Amino acid sequence: MKNIRMKLARVEKDLSQEQLAQLVGVSRQTIGLIELGKYNPSLSLCVAICKALSKTLNDLFWEE
Amino acid sequence: MKWFTWDPNQGKHADERVVNLQNKIYREAYTLIMLISLASIIVKFVMLGKDTPVITEIVILLASSLYYLIRSASLGIYSDAVEVHDRTSKFKMSTKNIIAGSALGLGLALYFGFRSATLYADGGLQSLWYFVLVAFVSLMIYVPLFLLLTFGLHKAANKASMHVNKEELE
């Protein structure tokens with residue numbers, strides 16, 4: 001399932017996939033695949049993404 | 001390549017901590033096999049002389065490296081690893097490959113030059129002439145060859161990996 005909330009949060013912060021990837025120390029492809037729902041990130045990567053986007057785990061990764 | 005990664009717990013919920021640690025052990029085992037193969041070549045040369053066949057060790061070293069290169073390119077992680085490496089490292093992966101290829105070619109050329117000078121020349125100017133001649137010709141042959149093997153393979157794998165990534169994101 002696509003992670004639209006993460007993509008929106010990234011756009012809100014005015015960050016490209018490349019810039020977010022640099023902030024959390026992964027490749028741009030990894031960010032792209034997480035947003036497409038094709039890769040399940042580890043908890044530590046989720047936390048790093050949340051910190052970079054100033055969001056909580058609930059905001060970005062909790063499925064209702 | 002499912003026949004390479006057979007898992008007795010397939011279908012059941014695997015414990016990711018166990019899987020991660022198993023992968024760590026596999027990585028260590030791979031390094032160990034590489035070191036043992038290298039040590040075997042060195043020991044054979046020292047104990048049995050340079051005419052000892054070491055084809056098995058060479059096959060182990062080259063086949064596993066080539067397998068990793070092909071698999072990482074076909075899964076699209078090769079270019080990702082290069083991207084992360086280039087972001088954090090002082091020298092780009094391409095630069096490192098050019099340096100490694102040139103150094104290997106140069107090293108081999110100097111070795112052949114010294115070998116010719118010591119084995120076939122009568123000393124003095126002839127030794128110097130043999131060294132320069134053989135080293136120069138070897139340089140012309142081996143530097144491009146090793147550059148092709150390191151830099152050329154790196155570029156090809158990176159391009160293939162980026163193509164896979166592009167398709168995956170579409």
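**A serine in a helix, and what surrounds it**

Modeller: B:Ser37 lies in helix H1 of chain B, which covers residues 16–48; helices here are DSSP runs of H or I with at least four residues, strands are runs of E with at least two, and both are numbered from the N terminus. The model is a predicted one, so that local features need pLDDT of at least 70 and side-chain atom pairs count only at pLDDT 80 or more, while totals for chains, interfaces and linings use all residues. Residues are numbered from 1 along each chain as its sequence is written, chains are lettered from A and ligands numbered from 1 in the order in which they are written, and side-chain values use heavy atoms, with hydrogens and water left out.

With a relative accessible area of 4%, B:Ser37 is buried, a word that stands for under 20% relative accessible area, whereas exposed means over 50% and partly exposed lies in between (1.4 Å probe, protein chains only). Once its neighbours within four places in sequence are set aside, B:Ser37 is in contact with B:Glu57, B:Ile60 and B:Leu61, contact meaning heavy atoms within 4.5 Å. B:Ile77, by comparison, lies 40 residues from B:Ser37 in sequence and 27 Å from it in space, taken C-alpha to C-alpha.

Along the principal axes, the C-alpha atoms of chain B fill a box of roughly 75 × 40 × 25 Å. Of the 170 residues in chain B, 22% are buried, and B:Ser37 is a buried residue. Among the contacts in chain B with a separation of 6 or more, 63% are between residues 24 or more positions apart.

Chain B also meets chain A, with 8 residues of chain B in contact with 12 residues of chain A. The two chains bury about 830 Å² between them, 51% of it on carbon and sulfur atoms, where buried area is the accessible area (1.4 Å probe) that two parts lose on being put together, summed over both. Of the area that chain B buries against chain A, B:Arg87, B:Glu168 and B:Leu169 supply 63%, more than any other three residues.

Between chain B and chain A the count is 1 salt bridge, a salt bridge being a side-chain nitrogen of Lys or Arg within 4 Å of a carboxyl oxygen of Asp or Glu. The side chains of B:Arg87 and A:Glu18 meet in a salt bridge, at 4.0 Å from N to O. Because B:Arg87 lies in helix H3 of chain B (residues 77–88) and A:Glu18 in helix H2 of chain A, the pair joins two chains. B:Arg87 is partly exposed at 26% relative accessibility, and A:Glu18 is partly exposed too, with a relative accessible area of 30%. B:Arg87 also forms a salt bridge with B:Glu83, where the closest N and O atoms are 2.8 Å apart; both residues lie in helix H3 of chain B, 4 residues apart, about one turn of the helix. Salt bridges that share partners join A:Glu18, B:Glu83 and B:Arg87 into one network.

Over all chains, a search of the whole structure finds 5 salt bridges. One of them is within chain A, where the side chains of A:Arg10 and A:Glu35 meet at 2.6 Å, N to O. A:Arg10 lies in helix H1 of chain A and A:Glu35 in helix H3 of chain A, so the pair ties together parts that are 25 residues apart in sequence. A:Arg10 is buried, with a relative accessible area of 7%, and A:Glu35 is buried at 6%.
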